[in-house]
Amino acid sequence: MLLANTHSNGHELELLIQPNRNLSWSETRLVFLFLGLCIAVVAVYFFTLGAWLVLPFAGLELLVIGGGLYFQSCHAHQQQVIRVDADSISISSAKEGGQPVYFSRAWSKLVHTRDPSGWYPSRLFIGSHGKFIEIGKCLIESERETLADNLRCTIEGA
């Protein structure tokens, strides 16, 4: 998901890039509780029939499902913030601990690479002096094209 905020002069831009979130954290917990209840009912049923060995595997299944939901939820709440002002570009991401990386606007370059075979998604980099950062990795192709156009127009001042 791409959210843009353009300032009045048109040469300053603030972008928030984040993946599409299907579930909030509380909804993810409700899904886990529902799946856990279903697994527990089946495990208790088989336990009452004498198949006690089902219980450890049910616990293992709950652990795997909970871990998967947790890692998916953590990934869905990552975001990148790109700020373009009069003379600099700052990119902050949750992966780098929230510390922004600054580039000079005059020297920055936007590189949009595409796979010639069309099998893989394109990649968008911004940087200068040999240091580039990938941006918009979680976006779909049309959103990445829009991001590239917005950044190119803002950086070049066209």
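Visitor: How many salt bridges does a search of the whole structure find?

Guide: Five, in this predicted model. Let's take a few of them one by one.

Visitor: What makes E14 and R83 a salt bridge?

Guide: The cut-off is a side-chain nitrogen of Lys or Arg within 4 Å of a carboxyl oxygen of Asp or Glu. For E14 and R83, the closest N and O atoms are 3.8 Å apart, so the pair counts as a salt bridge. E14 sits in strand β2 and R83 in strand β3, so this bridge ties together parts that are 69 residues apart in sequence.

Visitor: Why are E14 and R83 called partly exposed?

Guide: That label covers relative accessible areas between the buried limit, under 20%, and the exposed one, over 50%. E14 has 29% and R83 has 39%, so both get the label "partly exposed".

Visitor: How do you know that E141 and R144 form a salt bridge?

Guide: Check the distance again: the closest N and O atoms are 3.2 Å apart, and the limit is 4 Å, so this pair passes. E141 and R144 are three residues apart in helix α3, which means about one helical turn separates them.

Visitor: Is R144 buried or exposed?

Guide: R144 is buried, because its relative accessible area is 3% and the buried label needs a value under 20%.

Visitor: What makes D149 and R152 a salt bridge?

Guide: Their side chains meet at 3.9 Å, N to O. D149, at 42% relative accessibility, is partly exposed, and so is R152, at 31%.

Visitor: Let's step back. What pattern does the chain follow along the sequence?

Guide: Reading along, you get β-β-α-α-β-β-β-β-β-β-α. That is three helices and eight strands. Of the chain's 158 residues, 29% count as buried.

Visitor: Which residues touch the most other members of the largest nonpolar core?

Guide: I82, I89, I91, I126, I135, L147 and L151 do, out of 19 residues in that core. The elements giving two or more residues to this core are β2, β3, β4, β5, β7, β8 and α3. Helix α3 gives the most, with four residues. As a general point, nonpolar side chains tend to be buried together in soluble globular proteins.

Visitor: What is L151 in contact with, leaving aside its neighbours within four places in sequence?

Guide: L151 is in contact with L13, L15, I82, V84, L110 and I135. Each of these counts as a contact because heavy atoms lie within 4.5 Å.

Visitor: Why is V64 called exposed?

Guide: V64 has a relative accessible area of 57%. The exposed label needs over 50%, so V64 qualifies. You'll find V64 in helix α2.

Visitor: What makes A86 exposed?

Guide: A86 is at 60% relative accessibility, and the limit is over 50%, so it counts as exposed. A86 is found in the loop between β3 and β4. Not counting residues up to four places away in sequence, A86 touches E12 and R105. A86 and R105 are 19 residues apart in sequence and 7.6 Å apart in space, C-alpha to C-alpha.

Visitor: Where is H129, and why is H129 called exposed?

Guide: H129 is in the loop between β7 and β8. Its relative accessible area is 66%, which is over 50%, so H129 is exposed. Phi of H129 is near 55 degrees, a positive value in a residue other than glycine.

How values were computed. Residues numbered from 1 in each chain as written. Predicted model: local features only at pLDDT ≥ 70, side-chain atom pairs only at ≥ 80, totals over all residues. Heavy atoms only, no water. Buried < 20%, exposed > 50% of the residue type's maximum accessible area, 1.4 Å probe, protein only. Core = buried A, V, L, I, M, F, W, Y, C linked by side-chain atoms within 4.5 Å.
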